[in-house]
Amino acid sequence: MSMEFGIPDAVTILPGNGDLPKVRLTHSSGALAEIYPHGAHITSWQTKTGKELLFLSSNSNFAAHQPIRGGIPVIFPQFGAGTLPPHGFARITDWEISHSTLHDSGDVEVAMQLWESEDSFNIWQHHFILELTARLSEDKLSVGLMVSNTGDEPFLYHVALHSYFAVEDIHRTAVRGLEGTTYLDWLREDVREVETRAHIRFEEETDRVYIHAPDMLQINDEAHQRSVFIEKCHMPDVVIWNPWIDKSRRLSDFGDEEYLNMICVETGNIAKQAALIPGDTYRGETIFSFAAIEVGDNLPRPELGVVVGR
Ligand code: TA6
């Protein structure tokens, strides 16, 4: 892995798990993020006090052609099962670093790109450039995605961030912001229902896609007394997933009890494929931030300006 993109004290390229390299982003406040060029996969986002906000399975693979279990998998061009590898090939392919930047604000940024190869063309006959940009601030992580159609044929695709968040106890975790949104329940033959709960809590396997969901979401990790805020732009749909007990046992790269300490809140074009004509480019972004909370019903929301101190 080329060292040309290293920036002293800000962007470091170093050996990661398995025989994979990783890039470490270090903000002057002490906040940190790590991203593997394998899948442009963000595996860690830590607060300036060292709290890890993303979930990463202790059983995850870190190897060629294998997905990393946890962090923020990049899903492209297919979400879920289909004619391509599950969740597409982007997450199991090595990307190239395209730039790294230390902004005047102190934000630290790295971008990675993936484009068609002989392997991808064998299974998906399209020309594309996919770029992920990760920008770390003191208390935010912004993840941007760009998809360009560089061929002369239109193509259909899904693109998403399949984000795994660490929670102290799933039984004391709630997701806010989806009340009134229509969802498909993938565990009940895609039955279509409207979410009635202001706080979604978890007591069984949960796997559903919320269509054209609101752009502001919140994960309340009550046991840790903190919230993660998710603000999405041009990433219309949201998947909420927890495998619970039986599915956890079926996943070889996921600990049997790890469902207790994670929740997936995924953002992107998921419910149906989007179309991209030749020469066109899609751009979307999800901004993750966090704050301490006081446990209770009237939990703070950033847009109401009542966020408790960091
Ligand atoms: O998050 C939605 C989902 O499609 C679930 O159905 C579950 O399969 C999960 O993704 C993980 O998929 P993976 O291929 O990473 O095991």
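## Exercises on strands, salt bridges and voids

Leu 14 stands opposite Lys 22 in S2. The model is predicted: local features need pLDDT of at least 70, side-chain atom pairs count only at pLDDT 80 or more, and totals for chains, interfaces and linings use all residues. Residues are numbered from 1 along each chain as its sequence is written, and side-chain values use heavy atoms, with hydrogens and water left out.

**Exercise 1.** Trace the pairing from strand S1 through S2 to S3.

*Solution.* Start with the terms. Strands are DSSP runs (E, at least two residues), numbered from the N terminus. Two strands pair if DSSP finds at least two bridges between them.

Step 1. S1 (residues 11–15) and S2 (residues 21–26) run antiparallel, joined by five bridges. Their hairpin has five residues between the strands, and Gly 18 takes a positive phi near 60° there.

Step 2. S2 also runs antiparallel to S3 (residues 32–36), through four bridges. Arg 24 stands opposite Glu 34 in S3. The hairpin of S2 and S3 has five residues between the strands; in it, Gly 30 has a positive phi near 110°.

**Exercise 2.** Find the salt-bridge partner of Glu 34.

*Solution.* Apply the criterion: a side-chain nitrogen of Lys or Arg within 4 Å of a carboxyl oxygen of Asp or Glu. The structure holds 14 such bridges. Glu 34 meets Lys 22, at 2.9 Å from N to O. The pair links distant parts of the chain: Glu 34 lies in S3 and Lys 22 in S2, 12 residues apart.

**Exercise 3.** Which strands stand at the edges of the nine-stranded sheet, and why is one side of each without a neighbour?

*Solution.* Write out the order: S6-S7-S8-S9-S21-S18-S17-S12-S15, an open sheet with antiparallel pairing. The edges are S6 (96–102) and S15 (199–200); each has a single partner strand, so one side of each has no neighbour in the sheet. Now check the S6 end. Six bridges join S6 to S7 (residues 108–115), and the two run antiparallel. His 99 stands opposite Ala 111 in S7.

**Exercise 4.** Compare the linings of the two cavities.

*Solution.* On a 1 Å grid over the protein atoms alone, a cavity is a set of points where a 1.4 Å probe fits but cannot get out; a pocket is an open set with protein on both sides within 12 Å along at least five of seven lines; lining residues have an atom within 4 Å of a point. A volume is the space filled by probe spheres set on the points, which are joined across faces, edges and corners.

Step 1. The search finds two cavities of 30 Å³ or more. S11 (164–166), S17 (216–221) and S18 (226–233) each give two or more residues to its lining. S18 gives the most, with three.

Step 2. The second largest cavity has about 30 Å³. Among its lining residues are Pro 67, Arg 91 and Asp 253.

Step 3. Sort by class: Ala, Val, Leu, Ile, Met, Phe, Trp, Tyr, Cys and Pro are nonpolar, Asp, Glu, Lys and Arg charged, the others, Gly among them, polar. The largest cavity has six nonpolar, one polar and two charged residues.

**Exercise 5.** Describe the largest pocket.

*Solution.* The largest pocket holds about 380 Å³ of space. Of its 16 lining residues, Gly 80, His 87, His 162, Asp 207 and Lys 247 are the closest to its centre. The lining has eight nonpolar, three polar and five charged residues.
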